[in-house]
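Me: Could you take me slowly through one part of this model, namely the side-chain contacts and the loop residues around them, and explain each term as you use it?

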Amino acid sequence: MTGLLAGIAAVTVPLVLLASLAGQVRRPAALAAAVRAHRVLPAALAGPAAAAVIAAEALIGAAGAAALLLRLDGPARAAGGAAAALLALYAAYAAHVARVRRGVPCGCGGAGTPMTGWVAGRAAALSALALTGALYGLPAGPTLYESSVEVAAGLVFAVLLWTLPHAMTEERRTAG
């Protein structure tokens, strides 16, 4: 079972990181503007911090995707470990910002999703998933069926985790 979860992690985590990167490329100023609105860092550091985050997502997401496609266990574990650390930092940062600056934009993937506990929860869930991939590595010699299950489940997890914070914000707006 852990092999299946590690395989799902190997699909989900790089996909989410690369989707975030694509959003940042579409709206390059969104993350820096969000970091300024969070008021955690001095305004002058918002741009460099945003650039560093985008570069980290690009590097880790591309490394994880390449390791998966080439079935390289060591690099997949390294990418998973790096992703787990980055996403744990995101979770802690998002939890802090959601507590002290209600209603500010997340800046996640260039989207206008507000920073909420759901953003922190998504980052924590992705971090745990990435850690599973780092600890257990790619499944050895999966069958075509097993690989297809990993890819399908990885895609579903990625879509669910990507849309969760926005969906929960919209649900709260329509219910309120």
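Reply: A disulfide is a pair of cysteine sulfur atoms within 2.5 Å, and this is the term needed to begin. The model is predicted, which is the reason that local features need pLDDT of at least 70 and side-chain atom pairs count only at pLDDT 80 or more, while totals for chains, interfaces and linings use all residues. Residues are numbered from 1 along each chain as its sequence is written, and side-chain values use heavy atoms, with hydrogens and water left out.

When the whole structure is searched, one disulfide is found, and it links Cys106 with Cys108 at an S to S distance of 1.6 Å. Cys106 has a relative accessible area of 5% and is therefore buried (buried means under 20%, exposed over 50% and partly exposed in between, with a 1.4 Å probe and protein chains only).

The search of the whole structure also finds one salt bridge, a term for a side-chain nitrogen of Lys or Arg within 4 Å of a carboxyl oxygen of Asp or Glu. In this salt bridge the side chains of Asp73 and Arg77 meet, 2.8 Å apart from N to O. Because Asp73 and Arg77 are four residues apart in helix α4, which covers residues 73–100, about one helical turn separates them (helices are DSSP runs of H or I with at least four residues, strands are runs of E with at least two, and both are numbered from the N terminus). Asp73 is partly exposed, at 29% relative accessible area, and Arg77 is partly exposed as well, at 31%.

In the loop between α3 and α4 lies Arg71, whose phi is near 55°, a positive value in a residue other than glycine. Arg71 counts as partly exposed because its relative accessibility is 35%. Another arginine with a positive phi, again near 55°, is Arg39, which is placed in the loop between α2 (30–38) and α3 (43–70). Arg39 has a relative accessibility of 56%, so it counts as exposed.

A further contact involves Arg122, whose charged end sits over the ring of Trp162, at 5.6 Å from the centre of that ring (this needs NZ of Lys or CZ of Arg within 6 Å of the ring centre and within 35 degrees of the ring normal).
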